[in-house]
Amino acid sequence: MRHVAALAGVGIKTVSRVMNEEPGVSESTREKVLLASKQLNYELDVTAGSLRRSSRRTQTVGLLLPSVSNPFSAEIHRAMEDALSLKGVAVFAASLDDEPEREEAMVRAFLGRRVDGMVLTPIASNQAHVIPEHSRDLPVVFIDREPAGLTADAVVTDNAVGGAKAARHLFDVGHRKIAYLGDRTDIQTARERRRGFIDALGELGVSTASVPVRENLHDVESARLAAVEILTSSDPPTALFSSQNLVTFGCMRALRELGLSHTVALVGFDDFTLSDMMDPGVTVIAQHPEKIGALAAERLMARIEGDIQPPKTYIIETTLIIRGSGEIRPAS
């Protein structure tokens with residue numbers, strides 16, 4: 001800042017006013033300071049400035065996701081960035097890989113960087129052990145899964161309802177033997193999707209004991225192997241329901257590998273880019289991560305700015321998007 005002041009021929013306080021967009025500086029002086037800062041590649045140290053401001057804010061928030069490479073997580077990240085950048089807030093994101101130990105470590109890392117708040121996908125069975133008691137006043141919003149052990153705002157999908165939509169849709173198309181391929185059973189959303197799916201089949205009169213279930217599939221390859229095993233069994237299903245997009249990708253590969261893409265129906269939970277360009281297009285239960293991210297950002301900023309209303313869980317409805325794969329009828 002001293003270098004900028006010297007080059008512009010003004011005092012350090014004037015540079016501070018210009019960089020912080022404060023009033024009381026003539027336009028000509030402002031232009032000189034901005035030109036000098038550009039020539040010197042000077043950027044305002046937001047963290048240092050926060051130590052002097054009464055609000056003590058760093059204008060940063062932490063975003064902890066299962067994996068930033070997952071399309072669902074990436075869309076949440078983008079939606080939050082779009083919403084918070086308008087307020088001059090930067091979003092720092094990290095992947096948890098659905099590991100409780102990593103969740104605790106990353107929470108502590110963000111706390112050490114003095115973020116103003118966090119949006120967190122809970123992994124551990126109890127978040128009271130993840131967030132230190134001395135930091136419980138930090139604004140936190142949970143997404144995708146509801147927290148356990150403490151109360152806070154949460155923005156989640158109607159997972160069980162979405163699973164039920166998939167079951168009813170495949171039933172209406174004519175399927176009675178539908179396989180379920182799911183994520184890890186220690187993940188709350190996976191359990192809810194399976195519950196909604198199985199319960200709906202039972203209500204429709206399908207024997208739930210006969211439903212082929214393969215779980216703890218957490219990547220494309222494990223899902224592909226499970227789908228191949230089911231589809232090549234002595235009594236294969238006529239339809240598949242995959243509970244998240246990586247599992248869907250594995251099922252798609254298995255169907256193509258076996259030449260069954262136009263014979264066995266598929267409904268996936270989670271939409272993904274170019275799903276309509278597949279052959280056939282992939283029918284999905286869409287979660288709307290852009291709505292989850294935008295609402296999470298809105299609630300987090302409200303809490304940071306002093307909102308003291310009781311914590312609430314906000315539920316985002318899923319949407320059945322018909323594209324072709326889920327409308328394949330069973331062979332007569």
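Visitor: Where does Ile-143 sit?

Guide: Ile-143 is in strand 4, residues 140–143. Helices (H or I, at least four residues) and strands (E, at least two) are DSSP runs, numbered from the N terminus. Bear in mind that this is a predicted model: local features need pLDDT of at least 70, side-chain atom pairs count only at pLDDT 80 or more, and totals for chains, interfaces and linings use all residues. Residues are numbered from 1 along each chain as its sequence is written, and side-chain values use heavy atoms, with hydrogens and water left out.

Visitor: Is Ile-143 buried or exposed?

Guide: Ile-143 counts as buried because its relative accessibility is 0%. Buried means under 20% relative accessible area, exposed over 50%, partly exposed in between (1.4 Å probe, protein chains only).

Visitor: And what is Ile-143 in contact with, leaving aside neighbours within four places in sequence?

Guide: Contact means heavy atoms within 4.5 Å. The partners of Ile-143 beyond those neighbours include Leu-63, Val-119, Val-155 and Ile-292.

Visitor: Which residues touch the most other members of the largest nonpolar core?

Guide: That core has 22 residues, and the ones touching the most other members are Val-61, Leu-63, Leu-84, Val-119, Ile-143, Val-155 and Ile-292. A nonpolar core here is a set of buried Ala, Val, Leu, Ile, Met, Phe, Trp, Tyr and Cys residues joined through side-chain atoms within 4.5 Å.

Visitor: Which elements give two or more residues to this core?

Guide: Strand 1 (60–65), helix 5 (71–85), strand 4, helix 11 (289–304) and strand 11 (313–316). Helix 11 gives the most, with seven residues. Another core, of 21 residues, lies apart from this one, and Leu-181 and Cys-251 are among its members.

Visitor: Switching to charges: how many salt bridges are there?

Guide: The count is 18, taking a side-chain nitrogen of Lys or Arg within 4 Å of a carboxyl oxygen of Asp or Glu as a salt bridge.

Visitor: What does Arg-224 pair with?

Guide: Arg-224 meets Glu-221 at 2.8 Å, N to O, and Glu-257 at 2.7 Å. The pair with Glu-257 links distant parts of the chain, with Arg-224 in helix 9 and Glu-257 in helix 10 (residues 245–257), 33 residues apart.

Visitor: Which residues are linked in a network of salt bridges?

Guide: Asp-153, Arg-299, Arg-303 and Asp-307.
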